[in-house]
Each structure stands twice: as structure tokens, then as C-alpha cells.
Amino acid sequence: MSEPWIKWAWAQGAIPTRAKLTLIVLAHEADATGGCLLTLDQIAAITGIGGRSVRGKIKALEARGLIRCQLMRGMQASSRFQLVPGSNQTREGGKAVGHA
């Protein structure tokens, strides 16, 4: 778990609730570099969001530039997710949030 990434996820503006929940799950599982491996089934189980909907939320987050992902085929195949701080990143006290 990476607290700076969780703070970063919470600080990301007006994002629809289920998409933000998905982002927070990814942030919770992120390593120091913002990367994590999860299956879509795992994300669905943690969030309570259906599998097809999870895939849509991942695509929406990617379209906003908040994550990059390599989705593997199948709900039970681990996919690689990378949180992407940048133009959407919130800053606290002049320091970038989310960097370890």
C-alpha cells in the first residue's frame, strides 16, 4: 500500500464515483513507482462493481490520463496498471503527491 498514491487518487478532481473507487483501489495496491498487478476479477470483488463495468472504468481513467494499463485477456489474468501523475496531478505544498 502506498499512502502518497492514495492521497493522490483522492485529490483527482471530479471523477464519477465508481471510476474514483477503481482509481483508489489501484492506488491502494500500487508500489512506490505507482505500478500494480491485479486481475479485473480482483478489482470487481474489492469494489463491488461488475466486471464489464470495471473494464469501462479502467478505460475512462486511461482516457483521463490518470493511468496506463496493459489489460490481459480474461477476467482472471493479471493486468499491469501504472498510475500517471502529471497534468492531472494535485500538488500539496509545492511538492508532487504520489512520488516515493
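**Figure 1. Overall fold of the predicted model.** Read from the N terminus, the elements of the protein follow the order α-α-β-α-α-β-β-β-β. That comes to four helices and five strands. Helices (H or I, at least four residues) and strands (E, at least two) are DSSP runs, numbered from the N terminus. This is a predicted model, in which local features need pLDDT of at least 70 and side-chain atom pairs count only at pLDDT 80 or more, while totals for chains, interfaces and linings use all residues. Residues are numbered from 1 along each chain as its sequence is written, and side-chain values use heavy atoms, with hydrogens and water left out. Of the 100 residues in the protein, 40% are buried. Buried means under 20% relative accessible area, exposed over 50%, and partly exposed in between (1.4 Å probe, protein chains only). Among contacts with a separation of 6 or more, 55% join residues 24 or more positions apart. A contact means heavy atoms within 4.5 Å.

**Figure 2. The largest nonpolar core.** This core has 26 residues. A nonpolar core is a set of buried Ala, Val, Leu, Ile, Met, Phe, Trp, Tyr and Cys residues joined through side-chain atoms within 4.5 Å. Leu23, Leu26, Ile43, Ile58, Ile67, Phe81 and Leu83 have the most contacts inside it. Two or more residues each come from α1 (3-10), α2 (17-29), β1 (35-39), α3 (40-47), α4 (51-63), β2 (67-70) and β3 (78-83). α2 gives the largest share, six residues. In soluble globular proteins, nonpolar side chains tend to be buried together.

**Figure 3. Surroundings of Leu23 and Trp8.** Leaving aside residues up to four places away in sequence, Leu23 touches Trp8, Ala9, Gln12, Ile15, Leu61, Leu66, Ile67 and Leu83. Trp8 lies in helix α1. Trp8 counts as buried because its relative accessibility is 0%. Trp8 and Pro85 are 77 residues apart along the chain, yet their C-alpha atoms are separated by 8.2 Å.

**Figure 4. Two sides of helix α4.** α4 has 13 residues and reaches 19 Å from its first C-alpha to its last, close to the 18 Å expected at 1.5 Å a residue. The expected span is 1.5 Å times one less than the number of residues. Val54, Ile58 and Leu61 are buried in α4. They cover an arc of only 65° around the axis, so they sit on the same side of α4. The arc is that of the directions from the helix axis to the C-beta atoms. Their cover includes α2, α3, β2 and β3. The face turned away from the buried side carries exposed Arg52 and Ala63. Just after α4, Gly65 takes a positive phi of about 80°.

**Figure 5. The three-stranded sheet.** This open sheet has the order β1-β3-β2, with antiparallel pairing. β1 and β2 stand at the edges, each with a single partner strand, so one side of each has no neighbour in the sheet. The twist averages 25° from one strand to the next. β1 and β3 pair over five bridges, and four bridges join β2 to β3. Strands pair if DSSP finds at least two bridges between them. Thr39 has Ser78 of β3 as its bridge partner, and Ile67 has Leu83.

**Figure 6. Faces of the sheet.** β2 has a covered face, Ile67 and Cys69, and an uncovered one, Arg68 and Gln70. In a regular strand the side chains alternate between the two faces of the sheet. α3 lies across β1 and β3, at about 85° to β1. Axes are lines fitted to C-alpha atoms, for helices over the stretch in contact, and angles run from 0 to 180 degrees between N-to-C directions.
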